[in-house]
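Take a moment with the sequence and the 3D structure. Then read on for a short walk through the contacts between side chains.

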Amino acid sequence: MPRVGLTPQVVVTEAAAVADEVGLDKLTLAAVAKRCGVSLPGLYKHVDGLDAVKRDISVLAVRELTAKLAAATSGVSGKEALQALSVSYRDYAMAFPGRYSASVRAPAAGDREHEEVAVQAVGVIDTALKGYQLEGADLIHAVRIWRIVCHGLASLEAEGGFGLPDPVDETFNRLIGVLDASFRTVTVE
């Protein structure tokens, strides 16, 4: 019999917490079962396997990240929106490393729920970059460039990739300045 109060949503939330603690690549169903206070066979009454749990963490993470990005960029535009968007993204990656790792996975073909949350995330980023008057392919490339830059910095920072004493915050602020100048240049052309 399933544990009272243990739902698939609770399992995913607990699995996300485990992923944040040990890393998404080291997540096991045994660790999730232990955290949920059930046996491994008992956990299987709530989940379809490790891949399904990781997929659910991805959907959860994209939803959480989208909400944080939307809240951070509400009511601002231009460089201020770019700064708020980037800071919020970096903060999420550092606070929830397991979930963040799951969030960068592209949805599997035909996974409507995952595709929908991904579209919502891109919509928030598109809106934040609207102040640059980017449209069509220029906007798509700007979103990709922004994501590559922020993901690269967050990944290097999470892995301890910055060993020099110079503050990473300064590098981050300079990156935002470079992106701002680049996006403004695209607008002028």
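This is a predicted model: local features need pLDDT of at least 70, side-chain atom pairs count only at pLDDT 80 or more; totals for chains, interfaces and linings use all residues.

Residues are numbered from 1 along each chain as its sequence is written, and side-chain values use heavy atoms, with hydrogens and water left out.

Start with sulfur. A disulfide is a covalent bond between the sulfur atoms of two cysteines. Here the test is a pair of cysteine sulfur atoms within 2.5 Å. The structure holds zero disulfides. Where do its cysteines sit? Cys36 is buried, at 2% relative accessibility. Cys150 is buried too, at 4%.

Now turn to charge. A salt bridge puts a side-chain nitrogen of Lys or Arg within 4 Å of a carboxyl oxygen of Asp or Glu. How many salt bridges does a search of the whole structure find? The count is 13.

One of them joins Arg35 and Glu14, with the closest N and O atoms 2.7 Å apart. Arg35 sits in helix 2 (residues 29-36) and Glu14 in helix 1 (residues 8-22), so the partners are 21 residues apart in the chain. Helices here are DSSP runs (H or I, at least four residues), numbered from the N terminus.

Next, look at Asp111 and Arg55. Their side chains meet in a salt bridge of 2.8 Å, N to O. Asp111 lies in the loop between helix 6 (97-103) and helix 7 (112-128), while Arg55 lies in helix 4 (residues 50-73), so the pair ties together parts 56 residues apart in sequence. Arg55 counts as partly exposed, at 23%.

Helix 4 also holds Arg63. Arg63 bridges to Glu113, with the closest N and O atoms 3.1 Å apart. Glu113 is in helix 7, 50 residues away from Arg63. Arg63 is partly exposed at 43%, and Glu113 is partly exposed at 34%.

Arg55, Asp56, Arg63, Asp111 and Glu113 are linked in a network of salt bridges.

Notes:
Buried means under 20% relative accessible area, exposed over 50%, partly exposed in between (1.4 Å probe, protein chains only). Helices (H or I, at least four residues) and strands (E, at least two) are DSSP runs, numbered from the N terminus.
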